[in-house]
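Here is a short briefing to read alongside the sequence and the coordinates.

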Amino acid sequence: MRLTVNGNPIEFDADPDMPLLWALRDLAGITGPKFGCGIAACGACTVLVDGTPVRSCALPVGLVDGDVVTIEGLAGADGLSLVQQAWLDEQVPQCGYCQAGQIMSAHALLQEIPEPTDEDIDNAMAGNLCRCGTYPRIRAAIKRAAAEKARTGA
Amino acid sequence: MASLGKIARRTFLIGAAAVAGGVAVGYYIYRRPYPNPLEDELAEGEATFNPYVMIGADNAITVIAPRAEMGQGVATTLAALVAEELDVDLDAVTVEHGPASYAYYNSEMLAEGGPFPFFEEGVVAELMRGGMGAFGKFLGLQGTGGSSSVRDGFDKMRAAGAAARQMLLAAAALRLDVEIGALATANATITHEASGRTLTYGEVAADASRLDPPSDIRLKQPAEWRLLGKAQRRTDMHAKVTGAPIFGVDVSLPDMLYATVRMSPRFWVEPVKADLSKAEKMPGVVKIVPIDTTYGHGFGIIAENTWAAFRAAEAIEVEWGEADYPQDSAAMSAFLRRALETGSGDALRDDGDVDTAFADAPRDKVVEAEYEVPFLAHACMEPMNATARLKDGLLEVWSPNQMPTLTRQLCADVAGVDTEDTRVHTTFMGGGFGRRGEMDYSMFAALLARETDGRPVKVIWTREEDIRHDTYRPAAIGRFRARLGADGLPEAVDMRIASPSTIASTLRRTFPSLSPLGPDKTIAEGAFDQPYTIPDYRVAAVKADTGVPVGFWRSVGNSFNGYFHESFLDELAAAGGLDPVAMRLTLMADHPAAVKVVEKAAALSNWGETLPAGRAKGFAFTLSFGSWVAEVVEVAETDAGIRIEKVWIVADVGTALDPGIIEAQLTSGAIFGLSSAIGQEITFADGMAEQSNFHDYDAMRIHQCPAFEVAILQNYHKMGGVGEIGTPPAVPALANAVFALTGKRIRSLPLSREVDFA
């Protein structure tokens with residue numbers, strides 16, 4: 001089985017029923033996406049497939065048809081992505097476990113809606129649970145990233 | 001208030017263990033330092049000064065922050081304590097957790113374990129605090145809990161930084177042949193100002209580390225602080241926005257196997273009948289082995305990857321034994337209620353003469369209420385997990401845990417090796433909230449490591465195992481009555497709370513040979529120790545073990561007593577025709593720190609303003625973990641249900657070392673409490689938890705999250721904790737707001753049993 005992850009071709013020897021999450025973590029050693037629930041209910045495992053956020057814990061690897069991007073693939077050669085930088089500037093994470101998933105969802109949101117309203121943020125981010133309650137700073141970071149995106153035309 | 005006479009007649013439960021005479025022994029041991037564990041950890045060219053500081057010849061500075069970093073930001077603040085005195089910037093140091101070691105004992109974690117309110121500073125209370133602290137050192141208890149880490153580290157870690165700096169200066173003075181007083185430090189460099197000559201810390205570190213530590217350590221005055229008191233950029237942020245492999249689940253070792261567990265969903269029982277044949281034949285399965293520990297019984301499934309282990313765990317056909325405790329939530333509730341009626345109880349507060357006050361009380365002046373809360377799961381985002389390797393007689397455990405020395409001891413026991421041959425590597429934690437003070441997941445990994453011929457094995461629980469095998473926040477029932485005076489103020493209050501003892505339950509699974517003695521103050525904390533003056537005031541705790549394992553859940557007993565006490569006070573204000581804030585201000589007049597917090601919260605939230613129809617506010621206050629916290633919650637009626645619009649939090653933490661982190665912890669704690677109030681409960685049927693994952697045990701989501709406004713005060717003369725204090729008043733402030741909005745007084749949690757939340 002062959003997948004493109006973060007721009008690199010990766011060969012797996014995986015049961016096609018194995019969720020993408022475990023293929024990434026246990027077979028490919030890509031541990032940014034986290035295991036939280038296994039039923040697509042918490043969003044810690046969120047990755048992008050052709051730009052769309054998906055819960056990798058519930059997606060069989062055999063059904064993946066598209067390029068996969070994980071948190072490891074967001075940062076460019078020149079450092080953090082715009083969303084990651086906003087997360088750093090707002091000091092969002094506490095325990096940090098859900099944040100890779102939060103950042104992937106926020107990244108996809110801003111690709112689709114460059115200047116999201118509070119309601120857009122609610123809709124895009126409600127599937128990402130955070131037990132530390134970092135939501136106020138997540139919201140602030142998304143707005144900061146949106147403003148920065150508008151300013152730099154990124 | 002507990003008096004000297006009562007104490008003398010009583011045996012004490014000292015933190016997690018009851019030891020008569022332990023305090024005296026502790027005082028003796030207290031004077032003797034533990035050896036520095038970093039002596040064994042040094043790299044080539046590296047020198048260590050004390051258990052907290054290592055400096056390399058290349059001027060690389062490592063600070064050990066030996067407490068669980070589970071989100072609360074403690075690694076940053078502890079490192080700042082050392083960096084402040086060492087005269088280096090926070091971004092110039094590498095922060096590590098360090099090894100499990102008695103040298104990292106936490107004396108503050110047990111200091112408030114005695115039956116005294118935080119504000120009682122009489123001789124007996126202070127002796128108890130000192131004794132408890134000594135006991136923590138005596139046990140070598142390296143632990144994170146009780147919102148104690150920074151209070152524990154405040155002096156000793158600043159002293160560690162200052163001592164290292166003084167030793168570096170002394171070595172530089174010798175090298176340069178000048179007086180120490182002629183040298184200055186900045187940015188890890190020592191400068192002889194008169195000649196302009198400089199030496200880096202690294203250049204003199206080896207020499208300096210061979211000097212005797214200074215006997216007279218001078219600490220900076222707060223006015224001289226560069227880092228402390230100011231919001232720092234957290235040292236773990238970059239790793240956490242880049243998905244770096246810092247958590248327990250991310251541990252990766254050469255030749256590693258993967259595993260999961262399937263434990264009996266009925267607590268404590270063994271399998272009656274099991275057929276492993278189907279599971280054993282599944283692809284990728286290496287081995288299935290029994291697990292028998294003080295935490296419970298079941299199976300460990302070792303496989304070539306986590307998914308294979310998960311699938312095989314499901315395929316095990318097993319019949320479990322019957323529960324020997326009340327089978328379902330209704331029976332547990334009835335059991336607690338019976339204990340409330342018949343149990344002896346320990347009066348942790350007994351001011352005035354409560355029985356007499358009620359004996360002649362006119363009926364129309366008496367208010368009575370019964371409150372109840374359910375069991376709760378911690379539901380850390382990172383499910384329980386640990387990795388272990390047993391090779392050549394050496395056990396290594398990689399564990400996201402809050403109790404490294406106990407983890408080391410219990411893992412060594414189950415693996416059959418000596419503690420000296422056991423190393424615990426503490427990783428970052430995807431949440432802890434008290435759950436990671438348990439040893440079960442680490443012990444399971446240590447047990448499975450016996451079965452893998454020296455290969456490391458990473459054991460990750462499914463979310464279902466995690467929710468069904470928690471050490472739950474105990475359920476509790478409380479009965480409350482008050483006699484109101486002619487002015488509407490309570491003259492007499494009688495509170496009686498029944499709940500399983502967290503401490504007894506913890507001992508059962510960790511040190512089953514020890515039996516707890518005396519009262520468990522966690523049953524009544526948040527109720528007996530509040531800064532209100534009421535002439536006749538009694539708060540009693542009744543221990544009632546339901547058989548369900550219970551543990552420390554963010555804010556412990558305060559998590560339910562905050563709700564009980566503050567909702568009941570709200571009822572009294574309503575019955576007495578008083579404003580709830582004004583009533584509290586009168587009752588807490590003896591405690592200026594409390595008054596200032598309440599006044600500030602009222603001012604910030606514009607308490608007393610007339611709100612439009614469909615909006616209302618609720619108020620609550622709880623003193624917990626040494627911090628004084630008031631919260632106001634504003635709610636609004638919407639088509640989708642009640643929406644929590646805004647929360648104001650005012651906290652007096654005595655000394656605020658990092659306002660950015662404290663603000664984050666206050667909102668975090670409040671959201672943790674609100675999450676429980678708007679929908680969480682663990683219920684039982686047939687002896688098993690009925691909930692299993694986030695679809696039936698959810699928490700607040702971003703669209704439900706209110707706006708926050710936080711103020712941090714520093715009036716009280718002692719430092720308080722931070723990590724848990726936002727939780728206790730959040731629930732009653734919401735319940736009181738719901739009452740103000742709907743007229744419904746909801747006396748059980750979650751509130752969502754009676755109202756819908758948007």
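Leu713(B) counts as partly exposed because 19 other C-beta atoms lie within 10 Å of its own, while a residue needs 20 or more to be buried. Leu713(B) sits in strand 27 (residues 707-713) of chain B. Please keep in mind that this is a predicted model.

**Around Leu713(B)**

- Leu713(B) and Lys596(B) are 117 residues apart in sequence, yet their C-alpha atoms are 8.7 Å apart in space.
- Beyond its neighbours within four places in sequence, Leu713(B) is in contact with Lys596(B), Val597(B) and Lys600(B), and also with Val650(B), Ala651(B) and Asp652(B).

**The four-stranded sheet**

- Strands 1-2-3-4 of chain B, in that order, form an open sheet with mixed pairing.
- The edges are taken by strand 1 and strand 4 (93-96) of chain B, each of which has a single partner strand, so one side of each lacks a neighbour in the sheet.
- From one strand to the next, the twist averages 25°.
- Strand 1 and strand 2 of chain B run antiparallel and are joined by four bridges; a hairpin of two residues links them.
- Within this pair, Asn50(B) has Val53(B) in strand 2 of chain B as its bridge partner.
- Is strand 1 of chain B enclosed by the rest of the structure or left open? Four of its five residues are buried, so strand 1 of chain B is largely enclosed.

**Helices over the sheet**

- Helix 6 of chain B lies across strand 1 and strand 2 of chain B, at about 125° to strand 1.
- Helix 7 of chain B lies across strand 1, strand 2 and strand 3 of chain B, and its angle to strand 1 is about 60°.
- Helix 7 (residues 201-209) of chain B is mostly covered, with seven of its nine residues buried.
- Those buried residues are Tyr201(B), Gly202(B), Glu203(B), Val204(B), Ala205(B), Ala208(B) and Ser209(B).
- Their cover includes strand 1 (46-50), strand 2 (53-56), strand 3 (61-64), helix 6 and strand 7 (197-200) of chain B.

**Helix 3 against helix 6**

- Helix 3 (residues 74-86) of chain B packs on helix 6 of chain B at an angle of about 30°, and the axes are 7 Å apart.
- The crossing of helix 3 of chain B past helix 6 of chain B is right-handed.
- On the helix 3 side of chain B, the residues in this contact include Val74(B), Leu78(B), Leu81(B) and Glu85(B); those on the helix 6 side include Val150(B), Phe154(B), Met157(B) and Arg165(B).
- By type, the residues of this contact comprise 12 nonpolar, four polar and four charged.

**Nonpolar cores**

- The largest nonpolar core has 284 residues, and those with the most contacts inside it are Val63(B), Ala79(B), Leu168(B), Ile301(B), Ala445(B), Ala446(B) and Leu734(B).
- Helix 6 (residues 149-176) of chain B gives the largest share of this core, 12 residues.
- A second, separate core has 15 residues, among them Tyr104(B), Leu110(B), Met128(B) and Leu141(B).

**Where chain B touches chain A**

- At this interface, 50 residues of chain B are in contact with 47 residues of chain A.
- Helix 8 (237-241), helix 10 (306-315) and helix 20 (659-677) of chain B are the elements that each give two or more residues to the chain B side.
- Helix 20 of chain B provides the largest share of that side, six residues.
- The chain B side is made up of 24 nonpolar, 18 polar and eight charged residues.

**Backbone points to check**

- Most residues other than glycine have a negative phi, and most peptide bonds are trans.
- Ser147(B) has a positive phi of about 50°, and it lies in the loop between helix 5 (123-139) and helix 6 of chain B.
- Asp177(B) also has a positive phi, near 60°, in the loop between helix 6 and strand 5 (183-186) of chain B.
- Ser147(B) counts as buried because it has 28 C-beta neighbours inside 10 Å, whereas Asp177(B), with 7, counts as exposed.
- The peptide bond from Leu749(B) to Pro750(B) is cis, with omega near -5°, and Pro750(B) belongs to the segment after helix 21 (727-742) of chain B.

How values were computed:
Residues are numbered from 1 along each chain as its sequence is written. Chains are lettered from A and ligands numbered from 1 in the order in which they are written. This is a predicted model: local features need pLDDT of at least 70, side-chain atom pairs count only at pLDDT 80 or more; totals for chains, interfaces and linings use all residues. Two residues are in contact if their C-beta atoms, placed from the backbone, lie within 7 Å. Ala, Val, Leu, Ile, Met, Phe, Trp, Tyr, Cys and Pro count as nonpolar, Asp, Glu, Lys and Arg as charged, and the others, Gly among them, as polar. A nonpolar core is a set of buried Ala, Val, Leu, Ile, Met, Phe, Trp, Tyr and Cys residues joined through C-beta atoms within 7 Å. A residue is buried if 20 or more other C-beta atoms lie within 10 Å of its own, exposed if 12 or fewer, and partly exposed in between; C-beta atoms are placed from the backbone. Axes are lines fitted to C-alpha atoms, for helices over the stretch in contact, and angles run from 0 to 180 degrees between N-to-C directions. A crossing is left-handed if the near helix is turned anticlockwise from the far one by less than a right angle, and right-handed if clockwise. Two strands pair if DSSP finds at least two bridges between them.
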